[in-house]
Amino acid sequence: MPGHLFLDYVDPWINWDWLSTHVPVFLAALQEHVTLTLIAVGVGLLISLPMGVVAHRWRALRNPVLTLFGIFYTIPSIALFALLIPYTGLGTLTAEIGLVGYAVLILTRNVVVGLEAVPNDVLDAANGMGYRPLARLVRVELPLALPAIFAGIRIATVTTIGLVTITAVIGLGGLGQLILQGLVENFHTPLVVATLLSIVLALVADLALAGSQRIALPWSRSA
Amino acid sequence: MNWKPRSALLAAVISLSLSAAACGSSPSTSSTTPKGTITVAGFKFSEGSVLAELYGQALQHDGYTVTFKLNLGSREVVGPAIKSSQVDLYIGYAATDLEFYNNSAGEASGDVTATTSKLNSHLQPLNLVALNPSSAVDQNAFAMTKANSTKYNATKLSDLAAIGGQLVLGAGPECPTRPFCQLGLQKTYGINFKSFKALDTDGPLTRAALKNNDIQVGLVFSSDADLSSLGLVTLQDDKHLENADNVVPIVRTPVATAEVKKVLNAVSAGLTTADLVNLNSQVELQHMDPDVVTKAYLQQHNYFG
């Protein structure tokens, strides 16, 4: 009988009485979840933009940079946290080192891909108009790479919303903490409600980013 | 071509993320109280939160400002945290903690006093101290369904030696290397299981796997409130593999002042296994909050005078 996760004692999917007295707990968890995600993607972007530009400019660096973060991605989160705790403590910093590291791989890759997709004739035209390398990067290449960068931000955001739950082992985790409580206590309500909130959060974030992309990059609407 | 609005938007997105970062990292602890702040860690199972709240609230009542770090992963997270002063105390279990700090040297025994004093000899160089152990005990226990217990005619762990090859053991992923789990079952009882399935430590996955007969033997804890209602029986530990895992506070030595010791020892002295089962069942079966049930317990037992 595969798929029977829970034993068959009577526990409703949502215990409304319990839920009604625990709304602040869910709101606090949701807020923590959003904060952890925003920091991870924001800081990840700040690191990824220059790193992607460097990896694009100096081709020899591209594979080492992407491989380095690919390897980081394979470190089990519990091992990473256990190594970090003595230095960075049991808090946001430790959690974000993991989350930012995971976001950077996705974002850097998309920055590189976006920059590489800029057509050569556009670059030639920019050179012909007398753009210097930095001005060409900022005013021609990065704007043309923005659709790919935005796609990376969307993927990184949705992925991070899922990944935040792993920081539950160091006492954070946002909604992950409630999912964990549901599993530990064999109690459906926090498990179901926190999972639904996490899905809704990912959908809302993705739609909001898609919306801001449409506003910011009107020329890429067909994408 | 005018890029300014777009780059302005990008800048806005980035600065928004940054200001969120600044908000997220601002500490919210105020330490204006005379007795200072004590950070109490709790393991990520309900009893972990119950014990942390129990001892932590007693300290709070005594005038300390207590910060709770609950639902932390296993000792692999809490160990580094207390060694590096990220937390000041956690409520451990004498034998399990001894075997954690002596790297599974097998020094723990059924004797609580001897186990605690050995634990303290390992804690001292780390600037940690174990206080008086409570009589409340939470031991590893191995459970089978009643049906399988009858089918295999197994009521005690030594019954499994002959039939281990037909049985799958399920427990947390660390079980195969732990002396009080698969390693000990093999050494003390000579049980060689057909295979091991990494599930959770005493959680719903283990219970579901037992129920579905995916595993026949699962690790649970003696203070679990729900075993009989789930139709599970624990096998008698007839060769005393499991040491008395008495509840014991482990504190950073600089924090363990005479007053802190007095408060924590008073809680340990009053707590029994029956109390613990009762608190656990309120949290696990009735879904009451750990801080609420422990507060009621402390009030009923006159800790709040």
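Which unit do β1(B), helix α2 (residues 46–61) of chain B and β2(B) make? They make a right-handed β-α-β unit, where right-handed describes a crossover whose path from the first strand over the helix to the second runs clockwise when the strands point away from the viewer.

## Basis of the report

This is a predicted model, in which local features need pLDDT of at least 70 and side-chain atom pairs count only at pLDDT 80 or more, while totals for chains, interfaces and linings use all residues. Residues are numbered from 1 along each chain as its sequence is written, and chains are lettered from A and ligands numbered from 1 in the order in which they are written.

## Chain B in outline

Chain B has eleven helices and ten strands; these are DSSP runs numbered from the N terminus, with helices (H or I) of at least four residues and strands (E) of at least two. Of its 305 residues, 46% are buried. A residue is buried if 20 or more other C-beta atoms, placed from the backbone, lie within 10 Å of its own, exposed if 12 or fewer do, and partly exposed in between.

Among the contacts in chain B with a separation of 6 or more, 74% involve residues 24 or more positions apart. Two residues are in contact if their C-beta atoms, placed from the backbone, lie within 7 Å.

## The five-stranded sheet

Strands of a sheet pair through backbone hydrogen bonds, either parallel or antiparallel. Here, two strands count as paired if DSSP finds at least two bridges between them. An open sheet of five strands in chain B has the order β2-β1-β3-β10-β4, with mixed pairing. Because β2 (65–72) and β4 (128–130) of chain B stand at the edges with a single partner strand each, one side of each is left without a neighbour in the sheet. The twist averages 25 degrees from one strand to the next.

Strand β1(B) is mostly covered, with six of its seven residues buried. Six bridges join β1(B) to β2(B) in the parallel sense, and Thr39(B) stands opposite Thr67(B). Strand β1 (residues 37–43) of chain B also pairs with β3 (residues 89–93) of chain B, again parallel, over two bridges. Across this pairing, Val40(B) has Leu89(B) as its bridge partner, and Ala41(B) has Tyr90(B).

## Helices on the sheet

Helix α4 (residues 94–101) of chain B lies across β3 and β10 of chain B, running at about 105 degrees to β3(B). Such angles run from 0 to 180 degrees between N-to-C directions, with axes fitted to C-alpha atoms, for helices over the stretch in contact.

In helix α3 (residues 75–83) of chain B, the buried residues include Val77(B), Val78(B) and Ile82(B). Just after α3(B), Ser85(B) takes a positive phi of about 65 degrees.

## Two further positive phi angles

Asp202(B) is not a glycine, yet has a positive phi of about 60 degrees. Asp202(B) lies in the loop between β7 (195–198) and α8 (204–211) of chain B, and counts as buried because it has 23 C-beta neighbours inside 10 Å.

Asn302(B), also not a glycine, has a positive phi of about 60 degrees. Asn302(B) lies in the segment after α11 (290–300) of chain B. With 8 C-beta neighbours inside 10 Å, Asn302(B) counts as exposed.

## A helix pair in chain A

Helix α2 (residues 23–57) and helix α7 (residues 133–163) of chain A pack at an angle of about 145 degrees, with their axes 10 Å apart.
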